Amino acid sequence: MHFTIDEIWHPDISVYSSIPVTELAPTFQTNALSFNSGMVLWVPPATIYSFCKIDYNDYPNDIQECNITFGSWTHHGLALDLEILDSGLSMENFHNSNPEWFVINASVHRRIQYYDCCLEPYPSIVTTFKLKRKHYSDPGLIIWGPSLIAIFFTLIMFWLPSNSLHKFILGCTSLMVLTVMLLYVGETRSSSVPSVLTARSIHSTMFIVASAMLMEIIIVNLGRIAGTFRPPTILTYWLSGMIGKIMLICIPKKRFGFVHKMEDTQDNEEELPSEDYREEWLLVATALDRICFVIYLLVFIVQKNA
C-alpha cells in the first residue's frame with residue numbers, strides 16, 4: 001500500500017554537518033511504500049548541503065576529506081536505531097559534474113555517541129568522501145606578476161655597485177609593490193586563488209625582501225670603509241684572482257696599497273705612503289653581493305615551490 005508521508009510516522013533524520021542543520025525533508029513529498037511484513041520504504045529526493053573544512057597546506061595538489069553525518073535529532077538509539085544496508089555506499093550511478101573536484105574514495109560507517117547527561121546510545125551514519133582537486137585556477141599576472149617584479153628588483157640590488165644608493169630605491173619599490181598587492185588581496189574576496197594562501201605567500205616574500213635590504217645596508221656600509229683598517233689579505237688575494245672572475249667581479253687595475261703622489265706647496269715633490277683600502281673593501285662588498293644573490297635566488301625558488 002502507498003501512503004503519503006504525512007499519514008504515517010517517519011523518522012526525524014537530520015544532516016548534522018549541514019549549515020544550518022536541516023531535516024531530511026524535501027519539498028516534493030514522495031509517497032511511502034508499505035509491505036505486509038511491516039517494512040516501509042521511503043526514498044525521498046533530496047539535495048544535501050554539507051559543511052567541509054578545507055585545508056590549503058598542499059594546495060593545489062590537495063586531497064580533502066569531507067563527512068556527511070546523518071542522525072536523529074530527538075530520539076536516542078533505543079527508540080530509533082540506524083543501520084547500514086548490506087550494500088553499503090554505492091557509487092555506481094554517481095555522476096560528477098563539478099569542474100574542480102573529483103571523488104577518489106567514498107565510504108560509510110556507523111558511529112555511536114554517548115553523552116554525560118544520558119546513558120542511552122546515540123547512533124549516527126557518517127559518509128566520508130575524499131576529494132582531489134582537478135586543477136587550480138591560474139591567479140594570473142594580476143597577483144603573481146607584481147610579486148615576480150618585486151623579486152626581480154630585489155635580485156637586481158645585488159648587481160648594482162656596492163656603494164650605490166640606488167639599491168635602497170629598488171628595495172623600497174619592491175616592498176611598496178608587495179604592500180599594495182597584500183591590500184588588493186585583502187579587498188578582493190572573490191579571487192580564484194584562496195585569499196589566505198595568496199596573502200601568506202606575499203607576506204613571506206615581504207619578509208625575504210626586508211631581510212635583503214638589511215643585508216644591503218651592511219654591504220653598502222662595508223664598501224664605504226676607508227682608512228688604515230685593511231680586510232684580510234688572503235681574502236683580497238683570492239677575490240682579485242680567478243675566484244673574482246668567476247663571481248663576475250670587476251677587479252681594480254691598480255695594486256692595492258698604492259703609493260699616492262702628494263704635492264706640497266712649500267716643499268718639493270715627495271712620495272708619501274697613503275694607505276687607503278677603500279677599493280679593497282669595495283671588492284669584499286661586491287663579493288658579498290654576489291653571494292647574497294645566489295642565496296636569495298635559492299630562497300625565492302624554495303619559497304615559491306613550497
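Me: Buried means under 20% relative accessible area. On that cut-off, how many of the ten residues of strand 6 are buried?

Reply: Seven. Strand 6 spans residues 63–72 and is mostly covered. Bear in mind that this is a predicted model.

Me: OK. How many bridges join strand 6 to strand 8?

Reply: Nine, and the two strands run antiparallel. Strand 8 covers residues 118–133. Thr 69 has Val 126 as its bridge partner there. Asn 67 faces Thr 128, also in strand 8.

Me: And strand 2, in what sense does that pair with strand 6?

Reply: Antiparallel, over three bridges. Strand 2 is residues 13–15. Val 15 sits opposite Phe 70 of strand 6.

Me: What about strand 7 and strand 8, how many bridges join them?

Reply: 13, with the strands antiparallel. Strand 7 runs over residues 101–115. Ala 106 is bridged to Phe 129 of strand 8.

Me: How many residues does the hairpin from strand 7 to strand 8 go through?

Reply: Two.

Me: Which residue is the bridge partner of Phe 3 in strand 4?

Reply: Ala 32. Strand 4 is residues 32–34, and strand 1 and strand 4 share two bridges in the antiparallel sense.

Me: Switching to charges. How many salt bridges are there in the whole structure?

Reply: Six. One of them is Asp 81 with Arg 110, where the closest N and O atoms are 2.7 Å apart. Asp 81 is in the loop between strand 6 and strand 7, and Arg 110 is in strand 7, so the pair ties together parts 29 residues apart in sequence.

Me: How far apart are the closest N and O atoms of Arg 110 and Glu 83?

Reply: 4.0 Å, and the pair forms a salt bridge. Glu 83 lies in the loop between strand 6 and strand 7, so this pair with Arg 110 of strand 7 ties together parts 27 residues apart. Glu 83 is exposed, at 56% relative accessibility.

Me: Which residue does Arg 133 form a salt bridge with?

Reply: Glu 100, with the closest N and O atoms 2.6 Å apart. The link spans distant parts of the chain. Arg 133 is in strand 8, and Glu 100 is in the loop between strand 6 and strand 7, 33 residues away. Arg 133 counts as buried at 6% relative accessibility, while Glu 100 is partly exposed at 32%.

Me: Which residues join into one network through shared partners?

Reply: Asp 62, Glu 100 and Arg 133.

Me: And Arg 290, what is the nearest side chain of opposite charge?

Reply: Asp 289, at 5.1 Å. Arg 290 is buried yet has no salt bridge. The cut-off for one is 4 Å from nitrogen to carboxyl oxygen. Arg 290 belongs to helix 6.

Me: What is Arg 290 in contact with, leaving aside its neighbours within four places in sequence?

Reply: Phe 158, Trp 159, Met 247, Leu 248 and Ile 249.

Me: On to packing. How many residues are in the largest nonpolar core?

Reply: 29. Leu 178, Ile 202, Leu 239, Tyr 296 and Phe 300 have the most contacts inside this core. Helix 1 (140–157), helix 2 (166–187), helix 3 (195–223) and helix 6 (278–305) each give two or more residues to the core. There is also a second, separate core of eleven residues, including Val 15, Cys 66, Leu 80 and Leu 131.

Me: Last topic, rings. How many aromatic pairs turn up?

Reply: Five in the whole structure. Phe 152 and Phe 153 have ring centres 6.3 Å apart and planes at 45 degrees, so that pair is tilted. Phe 152 is exposed at 51% relative accessibility, and Phe 153 is partly exposed at 24%.

Me: Where does Phe 51 lie?

Reply: In the loop between strand 5 and strand 6. Phe 51 is exposed, with a relative accessible area of 51%. Its C-alpha atom is 9.3 Å from that of Tyr 16, 35 residues apart along the chain.

Methods: Residues are numbered from 1 along each chain as its sequence is written. This is a predicted model: local features need pLDDT of at least 70, side-chain atom pairs count only at pLDDT 80 or more; totals for chains, interfaces and linings use all residues. Side-chain values use heavy atoms; hydrogens and water are left out. A nonpolar core is a set of buried Ala, Val, Leu, Ile, Met, Phe, Trp, Tyr and Cys residues joined through side-chain atoms within 4.5 Å. Buried means under 20% relative accessible area, exposed over 50%, partly exposed in between (1.4 Å probe, protein chains only). Helices (H or I, at least four residues) and strands (E, at least two) are DSSP runs, numbered from the N terminus. Two strands pair if DSSP finds at least two bridges between them. Rings of Phe, Tyr and Trp (its six-membered ring) pair if their centres lie within 6.5 Å; planes under 30 degrees apart count as stacked, over 60 as edge-to-face and the rest as tilted. Lys and Arg count as positive and Asp and Glu as negative; His and the chain ends are not counted. Contact means heavy atoms within 4.5 Å.
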